[in-house]
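This report covers one protein chain.

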Amino acid sequence: MSPRKKVFVGVFSGLAFLVLTAATVSPLNDKYFEIMKAIEVYTNVYKEVNTYYVDDIEPNKLMRTGIEAMVGSLDPYTNYISETDVELARLRQSGKYQGIGAELEYIDGLPTIMTLYQGQPADAAGLKTGDRLLQIDGRETTGYNLEQLEEIMRGFPGTTMELTIERPGSGQQELKLLRGDVNIPNVPYYGMLENNVGYVALTTFTQQAGKNVRDAVAKLRAENPNLAGVVLDLRDNGGGLLNEAVDIVNIFVPKDELIVTTKGKVREWDRSYKTNNNPLDLEIPVAVLINDHSASASEIVSGSLQDLDRAVLIGQRSYGKGLVQNIMETGYGSRVKITTAKYYIPSQRCIQALEYRDGKPYDIPDAQRAVFKTRAGRKVLDGGGVAPDIELPILGGKAITQGLLEDHVIFDFVNEWVADHPTIDSVANFHFKDWDRFEAFLQRGEFEYTSKAEKALEKALEEAREEGYDISSQLAAIQQQVDREQLAAIQSYREEIISIIEKEIAGRYYYQRGQVQMGLRNDREVQEAIAVLNDPARYAALLK
């Protein structure tokens, strides 16, 4: 028997066993018959491809492609994890492998440092936000994705990584990075706002998040006897550990309060999570800030406090991620992570905003969402994330500002600006006064921000050419008008854009803490929270 045939027989003897097992369990059951038929068809296709395809195939690669396509048709959180991926996860969990303490993103084909965390290996090595990694230990970084890049960079604490970087305004440099443990604070900043209001920023639900938030609130109370309320900022917080979310709710609600229930197809796996500790403060007014990037554990905290009428929510509707995953063994060291349940918060509503049909998200219309009630009888809807009690629109020039952010225009401008400014004033005293320079940057040839209107014009020109029409002169005139309107729109959102630039600049000199502090200066949601917390009658009315 040829090696190829042996591979085939070995692989499919196991599948044949599954077919027989499925048939034996319940030969009259339609569902098992469908499973049996599907597996038989799958094995036959695999056999024919393996035997007759013109080139040699890699059995593992081909099988993984099929498995990933299967789980990919369900939802984004159900994934196959190969033996190699499992080993990488084990290294991470054991603490033997850690990151570099920076967030990376590929820009123009090169991994670029977007956020640098103070005191972590990347910072200690002298890397700066905006640096582009050209080589890692002599290996070019182009052509990879972030997951592959992470595998290239992984190693044991105490080992050295040699980097070739390109720094805006400075050119290429050689650096050595000593790998080590990474400890990124989940509460980068807390402090007092105006009118005796405390503020706590929570960026992720990692270990000790509950303790750190509790400690911050306790310190604010101890140092400010006239504390009017606390703002808990969960904006852009993508979630994390469920138990930390329960512990944070427990700061403001009594012990033994039901916070989260998970329900799925396998009833034996359903779980309920209650608060375990004595609360810190049951009376202090609380405002929670959320937006469309507040997800999972952030939604458990905000939604539970809303359901229990314990906090006023301010901002925009949250992301809506209410799915629970479990990891199952699938043999030969591999795993599959499967969505097995959904989260339900105290009102028993589910926060999952999307259904998945053939692996693609499907937004649930409001008319199809069930009505639930908070403890005080307020109506809330399920299936759409968490809606704030005070909804504020996303800041004015969403299309313009989002375009400037998504195309990394502000990021690139700040890279250039920082290269000419070794230091700045303190966060409290710094004000960006180079608007003319920013406008000049926008109008330079290397600046490329293509609005939706411009993309539509380019598509129209391309389609016209394919059909034999020449409308280039007409579109050129329209393009000039779009350019004028775009510059005028940017000018009209000057204050908002300056606020974003100031926040980005503060982060370069004062890291995560500086970004949070600077963001508070012109923060509309924060100002609304201060107003509500200093108006007891309005606060109480919102919770009725």
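This is a predicted model: local features need pLDDT of at least 70, side-chain atom pairs count only at pLDDT 80 or more; totals for chains, interfaces and linings use all residues.

The rings of Phe-413 and Phe-432 form an edge-to-face aromatic pair, with 5.9 Å from centre to centre and 90° between the planes. The pair links distant parts of the chain, 19 residues apart. Phe-413 belongs to helix H11 (residues 409-419), while Phe-432 lies in the loop between H11 and helix H12 (435-443).

Both residues are members of one aromatic cluster.

Across the whole structure, a search finds seven aromatic pairs. One of them joins Tyr-189 and Tyr-199: the ring centres are 6.2 Å apart and the planes meet at 45°, so the pair is tilted. Tyr-189 is in strand S8 and Tyr-199 in strand S9, so this pair ties together parts that are 10 residues apart in sequence. Tyr-189 is buried, with a relative accessible area of 11%. Tyr-199 is also buried, with a value of 2%.

Two lysines are placed over tyrosine rings. The charged end of Lys-321 sits over the ring of Tyr-77, 4.5 Å from the centre of that ring. Lys-263 lies over the face of Tyr-344, at 5.2 Å from the ring centre.

## The six-stranded sheet

Six strands make up an open sheet, in the order S8-S9-S10-S13-S14-S21 and with mixed pairing. Strand S8 (189-192) and strand S21 (390-391) are at the edges; each has a single partner strand, so one side of each is left without a neighbour in the sheet.

Within the sheet, strand S13 (residues 286-290) pairs with strand S14 (residues 312-315) in the parallel sense, over four bridges. Val-288 stands opposite Leu-313 in S14, and Leu-289 stands opposite Ile-314 in S14. In a regular strand the side chains alternate between the two faces of the sheet. Strand S14 is covered on both faces. Val-312 and Ile-314 are buried on one side, and Leu-313 and Gly-315 are buried on the other.

## Helices across the sheet

Helix H9 (residues 297-307) lies across strand S10 (229-233), S13 and S14. Helix H9 runs at about 140° to S13.

Helix H16 (residues 524-533) lies across strand S9 (197-201), S10, S13, S14 and S21. The angle between helix H16 and S13 is about 160°.

## Confidence

The average pLDDT of the protein is 86, and 86% of the residues score at least 70. Over residues 1-26 the pLDDT stays under 50. For residues 1-26 the model has 23 contacts beyond four places in sequence. The pLDDT is also below 50 over residues 91-97. That stretch has 17 contacts in the model beyond near neighbours in sequence.

Technical notes: Residues are numbered from 1 along each chain as its sequence is written. Side-chain values use heavy atoms; hydrogens and water are left out. Two strands pair if DSSP finds at least two bridges between them. Helices (H or I, at least four residues) and strands (E, at least two) are DSSP runs, numbered from the N terminus. Contact means heavy atoms within 4.5 Å. Axes are lines fitted to C-alpha atoms, for helices over the stretch in contact, and angles run from 0 to 180 degrees between N-to-C directions. Rings of Phe, Tyr and Trp (its six-membered ring) pair if their centres lie within 6.5 Å; planes under 30 degrees apart count as stacked, over 60 as edge-to-face and the rest as tilted. Buried means under 20% relative accessible area, exposed over 50%, partly exposed in between (1.4 Å probe, protein chains only). A charge sits over a ring if NZ of Lys or CZ of Arg is within 6 Å of the ring centre and within 35 degrees of the ring normal. pLDDT is the predictor's confidence in each residue, from 0 to 100.
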